Amino acid sequence: METKKLFILAHCRGMSNQIILKLIQTDPTLQIIDELNDQHWNHYFKLSNEKIKSFRADYESIDVNKLLKKYDDEKISFLPLTNVLYPKLLKNIADPPPFLFCKGDLSLFQLKKIISIVGTRTPSKNGIETVEKFIKPLVREGWIIVSGLAKGIDTFAHKLTIENNGKTIAVIGGGFYHLYPKENWRIAREISEKHILLSEFPPATIPQKWHFPLRNRIISGLGLGTIIIQAKKRSGSLITAHQALEQNREVFAVPGSIFDENYAGTNELIQQGAKLVTTANDITEEFDQII
């Protein structure tokens, strides 16, 4: 019953992760939802009257069984935080998603050798070659590669992992029905069938700018560490790196020319204490004692 209630909450306007997690902490069965009046929602959960009205309209109109069947037919899994298949490392970050929407081989979540690779959307030839240099040995050693399916480094990380018969997890910033960028629909479909395509947003969610920093915490939270390959001074990759540090994950940065703006961010990360790496072995040796 609580899973169905959580499933409904996932599709209601006005519900943030913070509110949902607070509801779960207050009452894991979520029966409390049916007992709260407008004053309670306003006082304890800081919901405006407009948001309360939108929430109630959605909560009372969603046909949960019909929607669950639709997702089942589309091979979309709904994974609550309490589910045994929920990624263990992600569960332990400060702000884990209360649920995930997934397509693919969920058994990959249970493996230990998971690492993230992110970088600029406009990589140089050198950047692409660097991705290949790291991917091939990591895949040979059984590492699962996580990235964000964005243009540039992310896309090459997914593609090269697949080409080298490895496994990959793609975390997207919107729902499955609104894939971004659209040109990645083909690789996204392959990932959803043989690997894992993942979002914390319901399938009908149109991606918004503020979704992507949220997505980045999942990219870093899923694995043991994050590798940054080419990142400008202000970039989403640096957000991912700083979130990895906050999550007590390892951060690895590939150094580059001081004359190439694509390396300004990675070089700065190294100045701030990220581990400088030039080979896959520089990364794997950090985890010899725990894997």
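Mentor: Keep in mind that this is a predicted model. Glutamine 243 touches Pro213, Asn216, Arg217 and Ser220, once residues up to four places away in sequence are set aside. It lies in helix 11, residues 236–246.

Trainee: Why is glutamine 243 called buried?
Mentor: Buried means under 20% relative accessible area. Glutamine 243 has 16%, so it counts as buried.

Trainee: How far is leucine 214 from glutamate 286?
Mentor: Their C-alpha atoms are separated by 27 Å, and the two residues are 72 apart along the chain.

Trainee: Let's zoom out. How many helices and strands does the protein have?
Mentor: There are 13 helices and 9 strands.

Trainee: What makes the protein as compact as a globular protein of its length?
Mentor: You set the radius of gyration against the globule rule. The rule gives 19 Å for 291 residues and the protein has 20 Å, which is close, so we call it as compact as a globular protein of that length. Along its principal axes, the C-alpha trace spans about 60 × 40 × 35 Å. As for cover, 52% of the 291 residues count as buried.

Trainee: What share of contacts joins residues at least 24 apart?
Mentor: It's 72%, counted among contacts between residues at least 6 apart in sequence.

Trainee: How are the strands arranged in the sheet?
Mentor: The 9 strands form an open sheet in the order 1-2-6-5-4-3-7-8-9, with mixed pairing.

Trainee: Why do we say that strand 1 and strand 9 stand at the edges?
Mentor: Strand 1 (77–80) and strand 9 (275–276) each have a single partner strand, so one side of each has no neighbour in the sheet.

Trainee: How do you know that strand 8 and strand 9 pair?
Mentor: Pairing takes at least two bridges between two strands. Strand 8 (residues 250–253) and strand 9 have 2 bridges, so they pass, and the sense is parallel. Phenylalanine 252 has lysine 275 in strand 9 as its bridge partner.

Trainee: Which strands pair with strand 3?
Mentor: Strand 4 (residues 144–147) pairs with strand 3 in the parallel sense over 3 bridges. Strand 7 (residues 225–229) is also parallel to strand 3, over 4 bridges. On the strand 4 side, serine 116 is the bridge partner of valine 146. On the strand 7 side, valine 118 stands opposite isoleucine 228.

Trainee: What makes strand 3 mostly covered?
Mentor: Count its residues, 114–119: 6 of the 6 are buried. Ile114, Ser116 and Val118 point one way, Ile115, Ile117 and Gly119 point the other way, and all are buried. From strand 3 the chain crosses through helix 7 (residues 125–140) to strand 4, in a right-handed β-α-β crossover.

Trainee: Why is helix 8 described as largely enclosed?
Mentor: Of the 11 residues of helix 8 (residues 153–163), 8 are buried, so the rest of the structure largely encloses it. Among the buried ones are Ile153, His158 and Leu160. The buried residues of helix 8 pack against elements including strand 3, helix 7 and helix 9 (185–194). Just after the helix, asparagine 165 takes a positive phi of about 65°.

Trainee: Last one: which residues have the most contacts inside the largest nonpolar core?
Mentor: That core has 37 residues, and the ones with the most contacts inside it are Leu9, Met15, Leu23, Trp41, Phe101 and Leu149. Helix 1 gives the most to this core, with 5 residues. Methionine 15 is in contact with Leu9, Ile20, Leu23, Trp41, Leu47 and Phe55, leaving aside neighbours within four places in sequence. Apart from this core lies another, of 31 residues, among them Cys102, Phe109, Leu198 and Val251.

Definitions and conventions:
Residues are numbered from 1 along each chain as its sequence is written. This is a predicted model: local features need pLDDT of at least 70, side-chain atom pairs count only at pLDDT 80 or more; totals for chains, interfaces and linings use all residues. Side-chain values use heavy atoms; hydrogens and water are left out. Buried means under 20% relative accessible area, exposed over 50%, partly exposed in between (1.4 Å probe, protein chains only). A crossover is right-handed if, with the strands pointing away from the viewer, the path from the first strand over the helix to the second runs clockwise. Contact means heavy atoms within 4.5 Å. The radius of gyration is taken over C-alpha atoms; the globule rule is 2.2 Å times the number of residues to the power 0.38. A nonpolar core is a set of buried Ala, Val, Leu, Ile, Met, Phe, Trp, Tyr and Cys residues joined through side-chain atoms within 4.5 Å.
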